[in-house]
Amino acid sequence: MPYVCVVKGISCNLQRSAKFSGELSRICDFIETKPVFMINDLVDAFQISYNTASSRVDMLVEMNIVKKDNEQHRNRILAAQKYIDIFMDSR
């Protein structure tokens, strides 16, 4: 799957959530540089509360941009599988 398709799909999904599109876009930029992350990584990077970061991640999960690697509530590991697939295909 070409990188352009992934980015177009993500931006299209973000536009559906107009109220948070700018914030989600910045989070997606972060995820592009770190496709496997934890909610606390977003808290530290964006100076937002844990609950806000968790809420935004839940939105990204619903949009199929991010997947939860486990069902734990604490220290959840999240992955942007589409980005990971791109990196793996380029090897």
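Biologist: Quick one to start: where is the place of I31?

Modeller: I31 sits in helix α2. Bear in mind that this is a predicted model.

Biologist: Okay, and is I31 buried or exposed?

Modeller: Buried, with a relative accessible area of 0%. The cut-off for buried is under 20%.

Biologist: Which residues does I31 touch, leaving aside those up to four places away in sequence?

Modeller: With those left out, I31 touches F37, L60, V66, A80 and Y83.

Biologist: And how far apart are I31 and L78?

Modeller: Along the sequence they are separated by 47 residues. In space, their C-alpha atoms are 9.8 Å apart.

Biologist: Let's talk core, then. Which residues touch the most other members of the largest nonpolar core?

Modeller: That would be I31, F37, L42, L60 and V66, out of 20 residues in the core. Helices α2, α3 (39-46) and α4 each supply at least two residues of this core. The largest share comes from α2, with five residues.

Biologist: What does L42 touch, not counting residues up to four places away?

Modeller: On that count L42 touches I27, F30, F37, Q47, I48, A53 and V57.

Biologist: Changing topic: at what angle do α2 and α4 pack?

Modeller: About 80°, with the axes 11 Å apart. The helices here are residues 21-33 for α2 and residues 50-62 for α4. The two are therefore roughly perpendicular to each other.

Biologist: Which residues of α2 and α4 meet?

Modeller: From α2 you have E23, L24, I27, C28 and I31. They meet T52, R56, M59 and L60 in α4.

Biologist: And how do the residues of that contact divide into nonpolar, polar and charged?

Modeller: Six are nonpolar, one is polar and two are charged.

Biologist: Now the loops. What is phi of Q47?

Modeller: Near 55°, a positive value in a residue other than glycine. Q47 is found in the loop between α3 and α4. With a relative accessible area of 69%, Q47 is exposed.

Biologist: What about N64, what is its phi?

Modeller: Phi of N64 is about 60°, positive although N64 is not a glycine. N64 lies in the loop between α4 and β2 (67-68). N64 counts as exposed too, at 57% relative accessibility.

Biologist: You mentioned β2. Where does K68 lie?

Modeller: K68 is in strand β2. K68 counts as partly exposed, at 31% relative accessibility.

Biologist: Which residues does K68 touch, not counting those up to four places away in sequence?

Modeller: Those are D58, V61, R76, I77 and L78. As for D58, K68 is ten residues from it in sequence, and the C-alpha to C-alpha distance is 9.4 Å.

Biologist: Let's zoom out. How many helices and strands are in the protein chain?

Modeller: Five helices and three strands. Read along the sequence, the pattern goes α-α-β-α-α-β-β-α.

Biologist: What share of the chain's residues count as buried?

Modeller: Of the 91 residues, 36% count as buried.

Biologist: And what does the accessible surface of the protein chain come to?

Modeller: About 5,800 Å², and 52% of that belongs to carbon and sulfur atoms.

Note on methods:
Residues numbered from 1 in each chain as written. Predicted model: local features only at pLDDT ≥ 70, side-chain atom pairs only at ≥ 80, totals over all residues. Heavy atoms only, no water. Axes fitted to C-alpha atoms, helices over the stretch in contact; angles between N-to-C directions. Helix = DSSP H or I, 4+ residues; strand = E, 2+ residues; numbered from the N terminus. Parallel < 35°, antiparallel > 145°, perpendicular 65-115°, else oblique. Contact = heavy atoms within 4.5 Å. Nonpolar A, V, L, I, M, F, W, Y, C, P; charged D, E, K, R; others polar. Core = buried A, V, L, I, M, F, W, Y, C linked by side-chain atoms within 4.5 Å. Buried < 20%, exposed > 50% of the residue type's maximum accessible area, 1.4 Å probe, protein only. Areas by Shrake-Rupley, 256 points an atom, 1.4 Å probe, with all protein chains shown as cover.
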